[in-house]
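Good morning, and thank you for making time for this presentation. I would ask you to look at the sequence and the structure together as I speak.

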Amino acid sequence: MSLHHLSLSDLKTQAKSLRAALTAAGQPVSHSQSLELMAKQHGFRDWNTLHARVGNAVRPGFALNQRVEGTYLGQPFRGEIIGIRAMASNTRFSLTLRFDDPVDVITFEGMTNFRSQVQMVVGSNGVSAEKTSDGAPHLRIWPEKN
């Protein structure tokens, strides 16, 4: 699992499991030693550095394979997140969405252009910075309500 999707609670649980495994193998370590080992496993100098990085990270409110609904170019949709990638700033995310039913992105009568899948960059709130000519975000998503 990517560090980006781990919380401090997840990391502490991993450290606890590591401590238990090492103790069972006859190599007991303290709680703080297991936290330090966990930080090194994730490529950090020490626990304090890892804690600062994860504690300050912006996390998206969505995940791979999550069912979502929302609007794309003003049209309602339901679908699934089939790709997610944090951008360099770690405050925006590139999402690939597959719609359950193709979305017609042209609002003029007599013309159609259906899309089954899109890739958009959104903030952690699920709203794109890009806007249509009337000021509405290109994409808004939220978890699907059953």
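How many helices and how many strands does the protein have? There are three helices and five strands, where helices (H or I, at least four residues) and strands (E, at least two) are DSSP runs numbered from the N terminus. Read from the N terminus, the order of the elements is α-α-α-β-β-β-β-β.

Before the details, some remarks on the basis of what I report. This is a predicted model, in which local features need pLDDT of at least 70 and side-chain atom pairs count only at pLDDT 80 or more, while totals for chains, interfaces and linings use all residues. Residues are numbered from 1 along each chain as its sequence is written, and side-chain values use heavy atoms, with hydrogens and water left out.

Let me turn to confidence. The pLDDT, the predictor's confidence in each residue on a scale from 0 to 100, has a mean of 85 over the protein, and 88% of the residues reach 70 or more. Among the elements, the highest mean, 94, belongs to β1, and the lowest, 80, to helix α3, residues 47–55.

Next, the interior. Of the 146 residues, 34% count as buried; buried means under 20% relative accessible area, exposed over 50%, and partly exposed in between, with a 1.4 Å probe and protein chains only. A nonpolar core is a set of buried Ala, Val, Leu, Ile, Met, Phe, Trp, Tyr and Cys residues joined through side-chain atoms within 4.5 Å. The largest such core has 16 residues, and those with the most contacts inside it are Tyr 72, Phe 77, Leu 97, Leu 139 and Ile 141. At least two residues of this core come from each of β1, β2, β3, β4 (114–123) and β5 (139–143). Strand β3 supplies the largest share, five residues.

Which aromatic residues form one cluster? They are Tyr 72, Phe 77 and Phe 99. A search of the whole structure finds two aromatic pairs. By the criterion used, rings of Phe, Tyr and Trp (its six-membered ring) pair if their centres lie within 6.5 Å; planes under 30 degrees apart count as stacked, over 60 as edge-to-face and the rest as tilted. Tyr 72 and Phe 99 make a tilted pair, with 5.9 Å from centre to centre and 40° between the planes. This pair links distant parts of the chain, since Tyr 72 is in strand β1 (residues 67–72) and Phe 99 in strand β3 (residues 92–104), 27 residues apart. Both Tyr 72 and Phe 99 are buried. The ring centres of Phe 77 and Phe 99 are 4.7 Å apart and their planes stand at 55°, so this pair is tilted as well. Because Phe 77 lies in strand β2 (residues 75–86) and Phe 99 in strand β3, the pair ties together parts 22 residues apart in sequence. Phe 77 and Phe 99 are both buried.

I come now to the largest pocket. On a 1 Å grid over the protein atoms alone, a pocket is an open set of points where a 1.4 Å probe fits, with protein on both sides within 12 Å along at least five of seven lines; lining residues have an atom within 4 Å of a point. About 160 Å³ of space lies in the largest pocket, the volume being the space filled by probe spheres set on the points, which are joined across faces, edges and corners. Its lining includes Thr 71, Leu 73, Gly 74, Asp 134 and Arg 140. What is the make-up of this lining? It divides into four nonpolar, four polar and two charged residues; Ala, Val, Leu, Ile, Met, Phe, Trp, Tyr, Cys and Pro count as nonpolar, Asp, Glu, Lys and Arg as charged, and the others, Gly among them, as polar.

Leu 73 sits in the loop between β1 and β2 and has a positive phi of about 50° although it is not a glycine. With 22% relative accessibility, Leu 73 counts as partly exposed. Asn 65, in the loop between α3 and β1, also is not a glycine and has a positive phi, of about 70°.

Finally, two further positions. Ser 34 is in helix α2 (residues 31–41) and, at 0% relative accessibility, counts as buried. Its C-alpha lies 9.4 Å from that of Ala 20, 14 residues away in sequence. His 138 is in the loop between β4 and β5 and is partly exposed, with a relative accessible area of 21%. The C-alpha atoms of His 138 and Val 127 are separated by 8.0 Å, the two residues being eleven apart along the chain.
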